[in-house]
Amino acid sequence: MNLIKSDAILRQNEANKKLKTLIDRVILHKFERDNILNILINSDDERVPIRVVHTKIVEYRKKYSIYIPFTDDEREMIDIIFHYWG
């Protein structure tokens, strides 16, 4: 594995960990949370599926009218991931 690919995988793993923490906090229904987490688990080695995950979070919030606000750190993390992988 080359160094660039290795670096990308490390960044993806870190992004996935942060997204998982966010999802665990804002998605209160286990079934819905597991569906979104499976998107992360099944993503390829070089991409974070941020647009799909973000869409699912927005749909969940709208469906259940649960609008737990994102922290400033979470908003910044989402923006960074959108910029890098979006």
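This is a predicted model: local features need pLDDT of at least 70, side-chain atom pairs count only at pLDDT 80 or more; totals for chains, interfaces and linings use all residues.
The largest nonpolar core comprises 20 residues, among which L19, L22, I23, I27, V48, I57 and I81 touch the most other members. Four helices, α1 (3-26), α2 (30-41), α3 (50-64) and α4 (72-85), each supply at least two residues of this core. The largest share, five residues, is contributed by α1. In soluble globular proteins, nonpolar side chains tend to be buried together. When neighbours within four places in sequence are left aside, I23 is in contact with R33, I36, L37, L40, V53 and I57.

The largest pocket has a volume of about 270 Å³. Its lining consists of 14 residues, of which A15, K18, M77, I80 and I81 are the closest to the pocket centre. Both α1 and α4 supply at least two residues of this lining, and α4 gives the most, with eight residues. By class, seven of the lining residues are nonpolar, one is polar and six are charged.

One aromatic pair was counted in the model. The ring centres of Y60 and Y64 are 4.9 Å apart and the ring planes lie at 50 degrees, so the pair is classed as tilted. Both residues belong to helix α3, where Y60 and Y64 are four residues apart, about one turn of the helix. With a relative accessibility of 2%, Y60 counts as buried, whereas Y64, with a relative accessible area of 30%, is partly exposed.

Methods:
Residues are numbered from 1 along each chain as its sequence is written. Side-chain values use heavy atoms; hydrogens and water are left out. A nonpolar core is a set of buried Ala, Val, Leu, Ile, Met, Phe, Trp, Tyr and Cys residues joined through side-chain atoms within 4.5 Å. Buried means under 20% relative accessible area, exposed over 50%, partly exposed in between (1.4 Å probe, protein chains only). Contact means heavy atoms within 4.5 Å. On a 1 Å grid over the protein atoms alone, a cavity is a set of points where a 1.4 Å probe fits but cannot get out, and a pocket is an open set with protein on both sides within 12 Å along at least five of seven lines; lining residues have an atom within 4 Å of a point. Grid points are joined across faces, edges and corners, and a volume is the space filled by probe spheres set on the points. Ala, Val, Leu, Ile, Met, Phe, Trp, Tyr, Cys and Pro count as nonpolar, Asp, Glu, Lys and Arg as charged, and the others, Gly among them, as polar. Rings of Phe, Tyr and Trp (its six-membered ring) pair if their centres lie within 6.5 Å; planes under 30 degrees apart count as stacked, over 60 as edge-to-face and the rest as tilted.
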